[in-house]
Amino acid sequence: SPGASPAQRAAQWAEREAEWEAFVRGTFLPLFSRTFPRSQGQGGMRVYFDGEGLESFQISDALEQDALAAIGCLVVLAFALGSHTKRLALTIGGMALAVLPL
């Protein structure tokens, strides 16, 4: 609003940004990230979208999914290595040597 102080404008701007982020993460990306099924012999529908700020949401979403997949891989690797060596110290030491620069 025109008579608002700079602090009030900043608070309003932060509130609008939070609403925008909640809309994009909660409604927009889930809706347009899914695959639309083929129906009645016609090809599936592909939706492309772009806009200010959407790329950063897509990147952070992809990074979160990749991080979860990496954590899952580490858990499976630790289980497999632990069952192979039958020693906790060897399992932890072997995984540490794999990730530490030598």
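In which helix is T91 found? T91 lies in helix α3, which spans residues 88–99. The model is predicted, so local features require pLDDT of at least 70 and side-chain atom pairs count only at pLDDT 80 or more, whereas totals for chains, interfaces and linings use all residues. Residues are numbered from 1 along each chain as its sequence is written, and side-chain values use heavy atoms, with hydrogens and water left out.

The protein chain contains 3 helices and 0 strands, arranged along the sequence in the pattern α-α-α. Helices (H or I, at least four residues) and strands (E, at least two) are DSSP runs, numbered from the N terminus. Of the 102 residues in the protein chain, 10% are buried; buried denotes under 20% relative accessible area, exposed over 50%, and partly exposed in between, with a 1.4 Å probe and protein chains only. The accessible surface of the protein chain amounts to about 8,500 Å², of which carbon and sulfur atoms supply 65%. Such areas come from the Shrake-Rupley method with a 1.4 Å probe, and for residues only the protein chains shown count as cover. Among contacts (heavy atoms within 4.5 Å) between residues at least 6 apart in sequence, 35% join residues at least 24 apart.

The largest nonpolar core consists of 5 residues, namely V24, F28, L29, L54 and F57. A nonpolar core is a set of buried Ala, Val, Leu, Ile, Met, Phe, Trp, Tyr and Cys residues joined through side-chain atoms within 4.5 Å. Helices α1 and α2 are the elements that give two or more residues to this core, and α1 provides its largest share, 3 residues. Leaving aside residues up to four places away in sequence, V24 touches L29, P30, L54 and F57.

Aromatic rings form a further group. Rings of Phe, Tyr and Trp (its six-membered ring) pair if their centres lie within 6.5 Å; planes under 30 degrees apart count as stacked, over 60 as edge-to-face and the rest as tilted. The whole structure holds 2 aromatic pairs. One of them joins W20 and F23 in a tilted arrangement, at 5.9 Å centre to centre and 35° between the planes. W20 and F23 are separated by about one helical turn because they stand 3 residues apart in helix α1. W20 is partly exposed at 39% relative accessible area, and F23 is partly exposed at 38%. The rings of F23 and F28 are also tilted, because their centres are 6.2 Å apart and their planes meet at 45°. F28, a member of the nonpolar core, is buried at 18% relative accessibility.

Side chains of opposite charge can pair when their charged atoms come close. By the rule that a side-chain nitrogen of Lys or Arg lies within 4 Å of a carboxyl oxygen of Asp or Glu, the count is 1 salt bridge. E21 and R25 form a salt bridge at 3.3 Å, N to O. Being 4 residues apart in helix α1 (residues 6–33), E21 and R25 are about one helical turn from each other. E21 is partly exposed at 37%, as is R25 at 34%.

Finally, T91 in helix α3 is buried, with 6% relative accessibility. Beyond residues up to four places away in sequence, T91 touches A78, L81, G82 and T85. By contrast, V75, placed in helix α2 (residues 54–85), is exposed at 53%.
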